[in-house]
Amino acid sequence: MNPPPLLVSFSDIEQYLGALPSDLVDQFGPEIRRLTTNQLPPVVSALCLAVLFGISSRFVGAMAHTSSRYYRHFEIPKGHGKRRIQAPRVALKVIQKWLGYHLAEAIEYAPCVYGFVKGRSAVQAAALHCGAEWVFSTDIKDFFQNTTVSMIRDPLQSLGYSENGAALIVALCCYGQGLAQGSPASPVLSNLAFRSVDLQLLQIAEQSHLRYTRYADDIVFSGLGIFPEELPSDVRRIIESHGWMIADHKEALSLSPKRLKVHGLLVNGQKPRLTKGYRNRIRAYKHLMSVGRIAPEDLPKVKGHLAYAASVERV
């Protein structure tokens, strides 16, 4: 499902403003123009958003204020456990996809951010750590659901949204008090919420001549020489001061010549490499593909793995 254009079905800003009642144009016209000029989704009120999408304002209000009714819930495997997914139903998903896509296009990210950013990938992030003598990694506990309403609302206002506009975006994209695990808007909103943390962590890295990358909630530092013993506590202090928590069981330090792994790839050497186990899986997939023994329902997954392996080889 492709996201709607910035003004959805309207050809330009004048056509959209012409479809709004005059009192709404007087009240919100300048704000709509400013947001649109900055390529930001013009979210200013439920009624204006309803006109933009050609739906009832009561429907928009219901999705914002009784959002739990507009999600499906299911579980998917995650390691040795399961991950709970809140997947938005079609109408809400369309709005969330529109918001997520256009916010991602308009926001500038620090160079350390590789997850959910156009033109950047986990493979590129791993490549930055190649040649390191040690790797320190940590993870944020339940990243999306612990990215709260206030963490998202304030950065939205710093982008230029009014208090009401930011509150409406939050209401349409959050499930309970945090981001929905299955929402197409959650990745960009989590990146937006984490921007100030990224800048602080990047500052630590630059001051100590380290490398830092983040792919979603996967945080990695690497460097040469002796590992700075204060780094884990500094990282924890910064992250927890902004309201997130570290997943203690995900914190790890690897020292060369032992295996160094970043975002699932080995970085011992000059370029990222697949792990031995993953290479064996790819070899098996290629063989099964060559003899036509991949079930049709498994074909997209297998092709995805093969494409990922090829992207690693190209770096």
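Modeller: Buried means under 20% relative accessible area, exposed over 50%, and partly exposed in between. Keep that in hand; this is a predicted model.

Colleague: Is Asp234 buried or partly exposed?

Modeller: Asp234 has 21% relative accessibility, so Asp234 counts as partly exposed.

Colleague: Which residue forms a salt bridge with Asp234?

Modeller: Side chains of opposite charge can pair when their charged atoms come close. Here the partner is Arg237, with the closest N and O atoms 3.6 Å apart. Both residues lie in helix 11 (residues 231–241), 3 residues apart, about one turn of the helix. Salt bridges that share partners also join Arg236, Glu240, Asp248 and Glu251 into one network.

Colleague: How many salt bridges are there in the whole structure?

Modeller: A search finds 9. One of them pairs Arg33 with Glu14, at 2.8 Å between the closest N and O atoms. Arg33 is in helix 2 and Glu14 in helix 1, so this pair ties together parts 19 residues apart in sequence. Arg33, at 37% relative accessibility, counts as partly exposed. Glu14 counts as partly exposed too, at 45%.

Colleague: Now helix 7. Which of its residues are buried?

Modeller: An α-helix has 3.6 residues a turn, so residues three or four places apart point the same way. In helix 7 (residues 149–159), the buried residues are Val149, Met151, Ile152, Pro155 and Leu156. They cover an arc of only 165° around the axis, which puts them on the same side of helix 7.

Colleague: What covers those buried residues?

Modeller: The cover includes helix 5, helix 8, strand 4, strand 5 and helix 9.

Colleague: What follows helix 7?

Modeller: Gly160, whose phi is positive, near 125°.

Conventions
Residues numbered from 1 in each chain as written. Predicted model: local features only at pLDDT ≥ 70, side-chain atom pairs only at ≥ 80, totals over all residues. Heavy atoms only, no water. Buried < 20%, exposed > 50% of the residue type's maximum accessible area, 1.4 Å probe, protein only. Helix = DSSP H or I, 4+ residues; strand = E, 2+ residues; numbered from the N terminus. Arc of directions from axis to C-beta. Contact = heavy atoms within 4.5 Å. Salt bridge = Lys/Arg side-chain N within 4 Å of Asp/Glu carboxyl O.
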